[in-house]
Amino acid sequence: MKEERLIVSLHPHIQGVETVSKMMFITTAALIPAAAVGVYFFGINAIKVIVISVLSAVGFEAGLQKLMKREITINDGSAVLTGLLFALILPPTSPWWMVILGVFVGMLVGKHVYGGLGSNSFNPVCVGWAALKLSFPSYLDISGSILGAVKSEGITALVEDYSYFSEQYGIESLEGIGAKIKVLLKVILAWKPIPGATLVDCVGQVSALAIIIGGIFLIWKRYINWRIPVGFLASIIIFSAIFGSKEYLYPYILVQLLTGSTLLAAFFVATDPVTTPLTGLGNIVFGVLLGLITMIGRLWGSWVEPVWFCILVTNGFTPLIDRLTKPKPFGRVKESA
Amino acid sequence: MKTGTFKGGLDYGVFSVNEVNTPIEELPPPSEVTIPLKQHKGKECKAVVKKGQEVKIGQVIGESSGPEEALVHATVSGKVTQVIKRFPDIRGRYVSAVTIESDGKDEWATLPEGKTDYLQKGPEELLSLIEKAGVVDFGIEAVPISSKLSLIKDKSVNTIIVNGIDTEPFLSAYKRLIIEKAQDIAEAIKVLKKVSGVSSIYFAIEDRNTELKDKISSAISGVAELAVLKAKFPQAMDRPLIKAVLEREVPSPYGIPEDIGVSVFGVEAVLAILDAVRKGKPVIDRVITIAGAINSPKNLKVRIGTPIKDVIEHCQGASGEVAKVIIGGPMMGLAQYSVEVPVSKETSGIFIQSESELATISNQKCISCGWCVDVCPMNLLPNIISSFCEVNMFKEANDYGLSYCIDCGCCAYICPVKIPLVHWIKYGKSQLEKEEK
């Protein structure tokens, strides 16, 4: 035994196997079902958007880090995840230059001006989307989707006039628990286009089921915190029940919950650790607040799907939530409080 | 039977190395021992032997000046070869030490013999026997039992928890002691009741070993109440342990368990108390676990003063290139710079690490995942405290509870970024102390 080579350092001498890159790549893998459904429905257009977005995200990450003379960390997988997520929230018809521009703004303004991963206060994916939504609203228009139809026509018109549920799924009436379960099952498998219209939606949010599979997997593996999705989805249900159309309340809640970007936001975007609170309680507060802001945006705002913007707004509340939910240390006595 | 748990901590499932589960073996007495004269919290003992003097096992070589120190005894028979004034201990501080060359005869000063009348003795008499034996609450903070017992009187303690949980993952000495000496433990608890005057005693174990649970629950029935706790690290530390067993919080950051009327004794200390009163046997050895990158991991009964290199050799040497030799366990142990360091009352185990298993650190930024917050048993925000310490904002770090930290290392273990949180927090604590002075 070579004694002079013994290393002396502080404990702990062992460490866990989890790393940031493992976290990022597994989260990326959990998005594959959602992306695959997108590719199935939209074909080559979806592939184009995904490839352009991922490649440009990795490229901008490396480029900006080189420009700012920082360590290049494209291996940690966070750029790949950002790129894929960004592609999944864009319509498949997005032109290539717009995708690249969005990724660039997200990477620069959302991440690297703050100092890179861990320092940003706002979610880069949402920053990129917000920039595109404000600059090129027509390219990001999804008012032809179910959520859009509900917004413009109202849920009553959708259910009665479009005969959406009855024609698509062969359900005569929405009365009775059996019919409701049938609709629910059909809905979570995948929304289909409104009869006579083409499918209008974003690449990654066609199938609720695909997103839920990925999300549950991540929660089971503990790569994402269950508190944000649970808080957010519960809050969507509660606030859509309070504010939403009382007639056909059940389909209305279902539309709010399962269509649009609700699930993708709940499991993959709002759970970004960097821009969300630290404590368990803080995360529940964050989720509920995000749900409230989203429902306000959907009901009284002008956009069909404001959730990405709402995430940015809620990110702004994160420091406040962190301050209010600061935990009480173990065994604190009054004097030292 | 009671059950319970505490907030935070690490499930044993996250640790990737298996636990040593071999019966306790005795290590043959070494040819030379180096016995530090400070193996406890408190002041150093005064050497009462000279160079060249013949000593026998159990002979006092370090005299204490009060109940805050524990007597130090010779652990082999032979000749004192040196009384060293500046000997580096496991923390790298200098203490006095005595080296004894064994004559191979292994003769006792007074041979320990089993008595049966020990439970008839009064508390005062028992206490003096315990003091004479130099019993401490074994572990990195080895508090002399005499000092703990006097605290029980001063603070009118009404509950004692006997801790049967090994301090760290991979250490299994306590577990083996419980399995092999369940009856003795029950006897020992009776002595503890008598000497402390406390009648409410809990025996704490974890729920992951049914053999252990069956053995001990039948042995101690009627003597102490069994508390079976959810297996988690750092359950063996006082604060989480008392929370898990009694649902009570020790005042923090500066309180001690005795403040809320609770005292905690390790199972090995309790057995040493029994040896002291039943046989008059002083502490000359202790059971330690040798684990990690070693060819045959073992639970060994080792004479105090045995150089750890002898122990490693007995376990057929390290497997592969040795990078770290750690006294204690891998989560909270102290890395040593030399294998000449002797086993002392503060040594609970030896953990060997090879180059490939070393923990890495990174200079990446915190991603605020909150995992450290989830595992912190003190309910702190370790990442926030650490980042304040990193930029020398110690007052702000303390506002977030810097001084509450118990150094368990769960945060640094779980961190996916590999931020050296314990390093920054300990740095912050030492700087805060300096600022306050």
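Guide: The account below begins with the contact between the chains, passes to one residue beside it, and then turns to each chain separately. The model is a predicted one, and the values that follow are computed from it.

The contact between the chains draws 66 residues from chain B and 41 residues from chain A. Together chain B and chain A bury about 4600 Å², of which 59% falls on carbon and sulfur atoms. The interface of chain B and chain A contains 21 residue pairs in polar contact, counted where both residues have pLDDT 80 or more, while the number of salt bridges found across this interface is 0. On the side of chain B that touches chain A, two or more residues come from each of several elements, including helix H6 (238–246), strand S20 (322–327), helix H10 (382–390) and helix H13 (421–436) of chain B. The largest share of that side, 5 residues, belongs to S20(B). By residue class, the side of chain B that touches chain A comprises 38 nonpolar, 15 polar and 13 charged residues.

A:Thr279 sits in the loop between helix H14 (262–269) and helix H15 (280–300) of chain A. Leaving aside neighbours within four places in sequence, A:Thr279 is in contact with A:Asp322, A:Thr325 and A:Pro327 in chain A, and with B:Val373 and B:Leu381 in chain B. A polar atom of the A:Thr279 side chain lies 3.1 Å from the backbone nitrogen of A:Gly282. A:Thr279 counts as buried because its relative accessibility is 8%, under the 20% limit for that class.

Chain A also has a contact within itself. Chain A is divided into domain 1 (22–140) and domain 2 (146–324). Between these, 34 residues of domain 1 of chain A are in contact with 29 residues of domain 2 of chain A. The two domains of chain A bury about 2800 Å² between them, with 80% of it on carbon and sulfur atoms. Within the area that domain 1 of chain A buries against domain 2 of chain A, 17% is supplied by A:Phe42, A:Asn123 and A:Trp129, more than any other three residues. Between domain 1 and domain 2 of chain A there are 0 salt bridges, and 4 residue pairs are in polar contact, both residues being at pLDDT 80 or more. Helix H1 (20–30), helix H2 (32–42), helix H3 (44–67), helix H4 (78–88) and helix H6 (124–135) of chain A each give at least two residues to the side of domain 1 that touches domain 2. That side of domain 1 of chain A divides into 25 nonpolar, 7 polar and 2 charged residues.

Among the buried residues of H3(B) are B:Tyr174, B:Lys175 and B:Arg176.

Over all chains, the whole structure holds 23 salt bridges. One of them joins the side chains of B:Lys148 and B:Asp137 at 3.1 Å, N to O. This pair links distant parts of the chain, with B:Lys148 in helix H2 (residues 145–154) and B:Asp137 in strand S11 (residues 136–137) of chain B, 11 residues apart. Both B:Lys148 and B:Asp137 are buried. Another salt bridge, between B:Glu187 and B:Lys190, spans 3.0 Å, N to O. B:Glu187 and B:Lys190 lie 3 residues apart in helix H4 (residues 182–196) of chain B, about one turn of the helix.

The backbone deserves a final remark. Most residues other than glycine have a negative phi, and most peptide bonds are trans. The peptide bond from A:His11 to A:Pro12 is cis, with omega near -10 degrees, and A:Pro12 lies in the segment before H1 of chain A. In chain B, a cis peptide bond joins B:Phe233 and B:Pro234, with omega about 0 degrees. A:Lys69, although not a glycine, has a positive phi of about 55 degrees; A:Lys69 lies in the loop between H3 and H4 of chain A and is exposed, with a relative accessible area of 76%.

Note on methods: Residues are numbered from 1 along each chain as its sequence is written. Chains are lettered from A and ligands numbered from 1 in the order in which they are written. This is a predicted model: local features need pLDDT of at least 70, side-chain atom pairs count only at pLDDT 80 or more; totals for chains, interfaces and linings use all residues. Side-chain values use heavy atoms; hydrogens and water are left out. Contact means heavy atoms within 4.5 Å. Buried area is the accessible area (1.4 Å probe) that two parts lose on being put together, summed over both. A salt bridge is a side-chain nitrogen of Lys or Arg within 4 Å of a carboxyl oxygen of Asp or Glu. A polar contact is a pair of N or O atoms within 3.5 Å; within protein, one must be able to donate a hydrogen and the other to accept it, and residues adjacent in sequence count only if both atoms are side-chain atoms. Helices (H or I, at least four residues) and strands (E, at least two) are DSSP runs, numbered from the N terminus. Ala, Val, Leu, Ile, Met, Phe, Trp, Tyr, Cys and Pro count as nonpolar, Asp, Glu, Lys and Arg as charged, and the others, Gly among them, as polar. Buried means under 20% relative accessible area, exposed over 50%, partly exposed in between (1.4 Å probe, protein chains only). Domain bounds come from an automatic or database domain assignment.
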